[in-house]
Amino acid sequence: MTTEPVIRAQDVAYPHLQVPDLDAIEAFLMDFGMTRADRRADVLHMRGSGSAPFVHLIHQGAPAFLGFAFTLASRDDLDRLAATEGFTPVEALDSPGGGWKTSTRDPDGNLVEAVFGISPLAPLADLSPRLLNMGNDFRRIGAVQRIKAGPSRIKRFGHLALNVANVPASLAWYHQRFGLLQSDRVNLAPGQPVAAFTRCDRGAEPADHHSILFASSMGSGGIAGLNHLSWEVCDIDDVHAGREYLTARRRTPEWGIGRHLLGSQVFDYWRDPWGHIHEHWTDGDQLDASVLPGDHPIGLGRVSQWGPDMPETFGRTIAPAEA
Ligand SMILES: [Fe+2]
């Protein structure tokens, strides 16, 4: 892992999902907290309440996870990647906010785009966390707390988890091209990771504990592909209010609410009508590039600090009708 990467990706921007019914996925994602950014005959862009012009890209077709996009720091980085073996020439993005992309395929065949120059928009909502009176830090004096019922306020696309055929091969591939750093590894034996949480290298600037979790497809019946997709919401009330709203809308819960161990996020997972797992989370760990990987034995105990046990079905795309 000492190879100098081609570039250092700054974040993840959006996934590419494919489903047969764009009306149905739009309705699900509105319940989840998104709004329509752009809709064409065969492609739908949805946005959250933050500055990104879209945070989810859905194509019409047979249900499938197609891939995702990284955000780059500069046009130079985009050109450097495009000149690297296996990447396409730079082309304009045909999506809200414009910008440019190059793309490639990872070892499992997932589309990996790298984008630069997408123009931000004014946020759609106030994304400030609600003021709390907690411990010895009281922030709300002389004011009441009133939580408006409704969908979560989605801030951004936060991370994704992939089931991969070979975790070490994926780690090396992503590090060499995009500079991903390892935050925590779960090992079958020393040096044999079966799950690895990786973050973007922003130097001294902190980054999310993980932008991509690579999980061995041994845990998903040998099938590589999507484990889950995840969006950051504004605060813990958004996780709970969002759950109430999705429940009232008769959506399909998967796992939550709990607090993860590795990454520390408060999480809640839901399935779309085709079974793709969509997560709300808040309050994750932030690490700069100096933090070294943590190693943990498999079977380290519960994967949450509190909350329900992880269901057997977690991490696999199972249509609710089949579950
Ligand atoms: Fe997650």
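**Strands, helices and core**

Author: Strands here are DSSP runs of E with at least two residues, helices are runs of H or I with at least four, and both are numbered from the N terminus. Keep in mind that this is a predicted model: local features need pLDDT of at least 70, side-chain atom pairs count only at pLDDT 80 or more, and totals for chains, interfaces and linings use all residues. Residue numbers start from 1 along each chain as its sequence is written.

Reader: OK. Which way do S17 and S18 pair, and over how many bridges?

Author: Antiparallel, over six bridges, with S17 covering residues 252-260. Two strands count as paired if DSSP finds at least two bridges between them. Trp255 is also in there, bridged to Tyr269 of S18.

Reader: And what's the turn like in that hairpin?

Author: There are five residues between S17 and S18, and Gly263 in the turn has a positive phi of about 110 degrees.

Reader: What about S18 and S19, how do they run?

Author: Antiparallel, joined by six bridges, with S19 at residues 277-282. Val266 sits opposite Thr282 of S19. That hairpin has five residues between the strands too, and Gly275 takes a positive phi near 95 degrees.

Reader: So is S18 enclosed or open?

Author: Largely enclosed by the rest of the structure, because six of its six residues, 266-271, are buried. Buried means 20 or more other C-beta atoms within 10 Å of the residue's own, exposed means 12 or fewer, and partly exposed is in between, with C-beta atoms placed from the backbone.

Reader: Which residues go on which side of S18?

Author: Val266, Asp268 and Trp270 are on one side, with Phe267, Tyr269 and Arg271 on the other, and all are buried. As background, side chains in a regular strand alternate between the two faces of the sheet.

Reader: Zooming out, what sheet is S18 part of?

Author: An open sheet of ten strands with mixed pairing, in the order S21-S12-S13-S15-S11-S16-S19-S18-S17-S22. S21 (294-297) and S22 (304-306) are the edge strands, each pairing on one side only. From one strand to the next, the twist averages 25 degrees.

Reader: Which helices lie across those strands?

Author: H4 (residues 236-248) lies across S16 (225-233), S17, S18 and S19, at about 25 degrees to S18. H3 (residues 167-178) lies across S11, S12 (181-189), S13 (192-199) and S15 (212-216), at about 30 degrees to S13. The axes are lines fitted to C-alpha atoms, for helices over the stretch in contact, and angles run from 0 to 180 degrees between N-to-C directions.

Reader: What does H2 pack against?

Author: The buried residues of H2 pack against S7 (100-105) and S8 (111-116). In H2 (residues 75-82), those buried ones are Asp77, Leu78 and Leu81. They fall within an arc of 100 degrees seen down the axis, so they line one face of the helix; the arc is taken over directions from the helix axis to the C-beta atoms. Arg75 and Asp76, on the other side of H2, are exposed.

Reader: Last one: which residues touch the most others in the largest nonpolar core?

Author: Tyr14, Val55, Ala69, Phe70, Leu72, Ala114 and Phe214, out of 72 residues. S11 (residues 154-164) gives the most to this core, with six residues. A nonpolar core is a set of buried Ala, Val, Leu, Ile, Met, Phe, Trp, Tyr and Cys residues joined through C-beta atoms within 7 Å.

Technical notes. Two residues are in contact if their C-beta atoms, placed from the backbone, lie within 7 Å.
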